[in-house]
Amino acid sequence: MPKTADPEKVKKNNGARILIVDDEEGARRSLALILGRYGYTVETAQSGQEALAIAAETSLNLAFVDIQLTDMDGTDLIKPLLESNPGLVVIMVSGHAAADTAAQSLDLGAARYITKPIDMVRLLAEMENTLE
């Protein structure tokens, strides 16, 4: 579960569209609610196939992709997401830190690899810098 961000410390965003891909409904929903509260437009997907369908139809600025999905490995989404949305920033999310998976994610084009629980204050500040 993400740590709650302090609204006084984080500016509202510039209207970026974010995709959250996570098969855990609670994690997906809580991150979407927090990002929505800061003015981001949020799309969610519970599977890799659903994420690919959304990315094909929607212009996205940033995607949070869980490493372990029920229908595929999250790293398998990086290339097709980047192909369907040039300029997309992909951030891989994992419940467990693994150096080999992090390195593989970055080699495939992910911008970052973060672990749960997510520090929302830090993440929102980094997102603001990335999306400017």
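Reader: In this predicted model, at what angle do helix 2 and helix 3 pack, and are they roughly parallel or oblique?
Author: Helix 2 covers residues 48-57 and helix 3 covers residues 75-84. Their axes lie 9 Å apart and meet at an angle of about 10°. Angles under 35 degrees count as roughly parallel. The two helices are therefore roughly parallel to each other.

Reader: Which residues make that contact, and how many are nonpolar, polar and charged?
Author: Helix 2 contributes Gly48, Ala51, Leu52 and Ala55. Helix 3 contributes Leu77, Pro80, Leu81 and Ser84. Gly counts as polar in this scheme. The contact of helix 2 with helix 3 has six nonpolar, two polar and no charged residues.

Reader: What span does helix 1 reach from its first C-alpha to its last?
Author: Helix 1 runs over residues 25-37, which is 13 residues. At 1.5 Å a residue, 18 Å is expected. The model is close to that, with a reach of 18 Å.

Reader: Which elements do the buried residues of helix 1 pack against?
Author: The buried residues of helix 1 are Arg28, Ser30, Leu31, Ala32, Ile34 and Leu35. Residues three or four places apart in an α-helix point the same way, because there are 3.6 residues a turn. The buried residues of helix 1 pack against strand 1 (17-21), strand 2 (41-45), strand 3 (62-66) and helix 5 (120-131).

Reader: Are helix 1 and helix 5 roughly parallel or oblique?
Author: Their axes are 12 Å apart, at an angle of about 55°. Roughly parallel needs under 35 degrees, and roughly perpendicular needs 65 to 115. Helix 1 and helix 5 are therefore oblique.

Reader: What is the handedness of that crossing, and which residues meet there?
Author: Helix 1 passes helix 5 in a right-handed crossing. From helix 1 come Leu31, Ile34 and Leu35. By class, the contact has six nonpolar, no polar and no charged residues. The partners in helix 5 are Met120, Leu124 and Met127.

Reader: Which residue follows helix 1 with a positive phi?
Author: The phi value is near 90°. The residue is glycine 39.

Reader: Is threonine 58 buried or exposed, and what is its relative accessible area?
Author: Threonine 58 sits in the loop between helix 2 and strand 3. Buried means under 20% relative accessible area. Threonine 58 is therefore buried, at 18%.

Reader: Which residues does threonine 58 touch, not counting those up to four places away in sequence?
Author: The C-alpha atoms of threonine 58 and serine 84 are separated by 9.0 Å, although the two residues are 26 residues apart along the chain. Beyond four places in sequence, threonine 58 touches Arg17, Glu43 and Asn85.

Notes
Residues numbered from 1 in each chain as written. Predicted model: local features only at pLDDT ≥ 70, side-chain atom pairs only at ≥ 80, totals over all residues. Heavy atoms only, no water. Axes fitted to C-alpha atoms, helices over the stretch in contact; angles between N-to-C directions. Helix = DSSP H or I, 4+ residues; strand = E, 2+ residues; numbered from the N terminus. Parallel < 35°, antiparallel > 145°, perpendicular 65-115°, else oblique. Contact = heavy atoms within 4.5 Å. Expected span 1.5 Å × (residues − 1). Buried < 20%, exposed > 50% of the residue type's maximum accessible area, 1.4 Å probe, protein only. Left-handed = near helix turned anticlockwise from the far one by under 90°.
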